[in-house]
There are 2 protein chains.
Amino acid sequence: MEKKANIIDVAKYLGVATSTVSRALQNHPTISAKTKKLVLNAVRELNYSPNKIAANLRSGTGNSIGVIIPKINSNFMSNCIFGIENVIYPSGYNLIICQSTENYEKEVSNIRTLIDSQVSGILISVSNETASADHLAMVKSNNIPLIMFDRIEESLEVDCIVNDDVKATGDGVEHLIDQGYTKIALLNGPEHIYVYKNRYNGYRQALALNAMELKPDWVIQNINSQQDAYKATCLLLDSPHPPDAIFCAGDILALGVLEALKERNIKSPEEIGVVGYGNDIFGGLTTPTLTSIEQYPQEIGASAAQIMLQILEDKNVKTIPKTISIKPRLIIRESSSRKTRE
Amino acid sequence: MEKKANIIDVAKYLGVATSTVSRALQNHPTISAKTKKLVLNAVRELNYSPNKIAANLRSGTGNSIGVIIPKINSNFMSNCIFGIENVIYPSGYNLIICQSTENYEKEVSNIRTLIDSQVSGILISVSNETASADHLAMVKSNNIPLIMFDRIEESLEVDCIVNDDVKATGDGVEHLIDQGYTKIALLNGPEHIYVYKNRYNGYRQALALNAMELKPDWVIQNINSQQDAYKATCLLLDSPHPPDAIFCAGDILALGVLEALKERNIKSPEEIGVVGYGNDIFGGLTTPTLTSIEQYPQEIGASAAQIMLQILEDKNVKTIPKTISIKPRLIIRESSSRKTRE
DNA sequence: CAAATTAACGCAAACGATTGTTTAAATACA
DNA sequence: TGTATTTAAACAATCGTTTGCGTTAATTTG
């Protein structure tokens, strides 16, 4: 097993200085076309490729971008990563991916690792345990660009890419109203998370705008799983004033709702309307098919990555942090369509 | 914005040599407990953390592990990555993730990038365009450990983690036979891909073992999408000798089958049995619910990662490459259950 | 008590590139 | 022809660590 050739080998092979080789490879103007050609040939001959670690150390510029997400194995997140990778790849950066697994300690540890690894920038969607922003501030104080997407920490002034959850939820609720539902419940995630807070606000605003009652009993927060949603639905249905529609802040939650309805032989959309969130692939397969909200996760990831590349390009240009909002879209299916379209 | 402290700053602060600081941080035995304590304090004081780039360069040991997959936004792959990350994270390595997007050129480019970035090892699931193994051989010749999972290139002698697709498919087919189906068709992916080749073999063997006819017309290869599967099913049903069961080498394909059946008002499982592959989340939601094969992607990823860590630990120990087979499991649901259980 | 160990740390050379500064050769100009 | 300018490449410092080896002082040994 021979040692990999380094720049010195190439230089010796040609009888030139390493600086010449280095500059030739960077297409530096002070190197003549002739020597450039020679270098290129020698490089091929010796199967040389530059050691990026060494280059990074010397030049100070990193070669990779870090991404921290709660968990990668969700439809939403893996599509975000897909979008990010597509944009980052052509630029030559590597993607270093970390999972916080919804754990604050691990998220902090991830940040440290990425900083120590000299990443050029960090994209993050924070864990649901994350209350403090100290670790994120640390990123900024290390002069590393930071961008948040989807799950953001509002106390920090950085670029953000989010969905307009308020509007999307509002659209969903208005659609239910439009279909003649009048008693609309909300099954929401943990309220302290940015997106769920917004979905709650969207729900409230839509009701207010339509002069409709908001019964506190109909708002159930902190629902995290299909199981939770199933139970919550049962409670709602058994209450003295059951709702006639349920807006779910996640498609998985909607599955729990449908499960409870099926069990009790309650028809949807006839008796109860259901709207989910996320437009997961199974939405078209349930009975009834599920009205939901498409979030365009690939676009979210791609936008975040684009902003990052922009920042990395003109490093010194200090712009004010902006928030980009990707417009979600209501996908109407059976579970909420009580009126027949004409 | 102050410069980040480096090891020289720490050494000066304490009036010791950088070597002392370095060794103290590595808990080297020749450094006294007292100095170690002093160093630790100074490190905290100055908010120092070692520059891994520099450390890697000097020590030669890399700090990250590369992963190449076709696309990250599939249920199977994102769960593999999940498994990989869980195992890799505690070891201190970073995960660099690349997508080949099923493109051979890009896969080669990914390999180059990872080699240039001095990764300590590479995990790969090859693209379906990959015919040559030259780029993979390059990894070996650079003395970088290589492990393949799921989609493997058989011409190369490296550790592999796969499903026993032959057996799993056999189990699925035998289950159909067991349920009284006698004319079993196969909707398969591109035959040149390892997993699909095996699923085809499993299908053949099961039929042979049960002395059943294999009609070439019932084997349809190179089906890549729900759309493809839908069309293929229509052709099968319209043929002079239609099958009474269809084994699909993917759950998405099974969706296409169910679509075609529904359209023609053909009942499953009564008239036609259907088995999918992958146990995607929607399998429990279709009508009828879909019998499928659970592949345990997280375990596949985790195993691959474990082997990698083992190899990295005792670098010099040369072992013969082994193939680890994760046993898939048949999940029986409605679409294939013609007999009532007693 | 002199000699030999041992413990604890400092010195300085790597690792493999990049890049500011010089130098040497070639060309331009008067 | 002699000087100024441009061009092309060499020289050498540097990035922030790690690590082999040398050094000193303290400790043990016979």
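The structure is a predicted model. In it, 38 residues of chain A are in contact with 38 residues of chain B, while helix α2 of chain B, which spans residues 18–25, holds the buried residues Thr20(B), Val21(B) and Ala24(B).

**Helix α2 of chain B**

- Thr20(B), Val21(B) and Ala24(B) are buried in α2(B), and they lie on the same side of that helix because they cover an arc of only 100° around its axis.
- In general, an α-helix has 3.6 residues a turn, so residues three or four places apart point the same way.
- The partners against which the buried residues of α2(B) pack are α1 (7–14) and α3 (33–46) of chain B.
- Just after α2(B) comes Asn27(B), which takes a positive phi of about 60°.

**Where chain A meets chain B**

- The contact involves 38 residues of chain A and 38 residues of chain B, and on the chain A side α4 (52–59), α5 (75–88), β2 (94–99) and α6 (104–116) each supply at least two residues.
- The residues on this side of chain A divide into 15 nonpolar, 17 polar and 6 charged.

**Ser325 of chain B**

- Ser325(B) belongs to strand β11 of chain B, which runs over residues 323–326.
- Ser325(B) counts as partly exposed because it has 15 C-beta neighbours inside 10 Å, a number that falls between the limits of 12 or fewer for exposed and 20 or more for buried.
- Leaving aside residues up to four places away in sequence, Ser325(B) touches Val162(B), Asn163(B) and Asp164(B).
- Between Ser325(B) and Arg204(B) there are 121 residues of separation in sequence and 20 Å in space, taken from C-alpha to C-alpha.

Technical notes. Residues numbered from 1 in each chain as written. Chains lettered and ligands numbered in written order. Predicted model: local features only at pLDDT ≥ 70, side-chain atom pairs only at ≥ 80, totals over all residues. Helix = DSSP H or I, 4+ residues; strand = E, 2+ residues; numbered from the N terminus. Arc of directions from axis to C-beta. Contact = placed C-beta atoms within 7 Å. Nonpolar A, V, L, I, M, F, W, Y, C, P; charged D, E, K, R; others polar.
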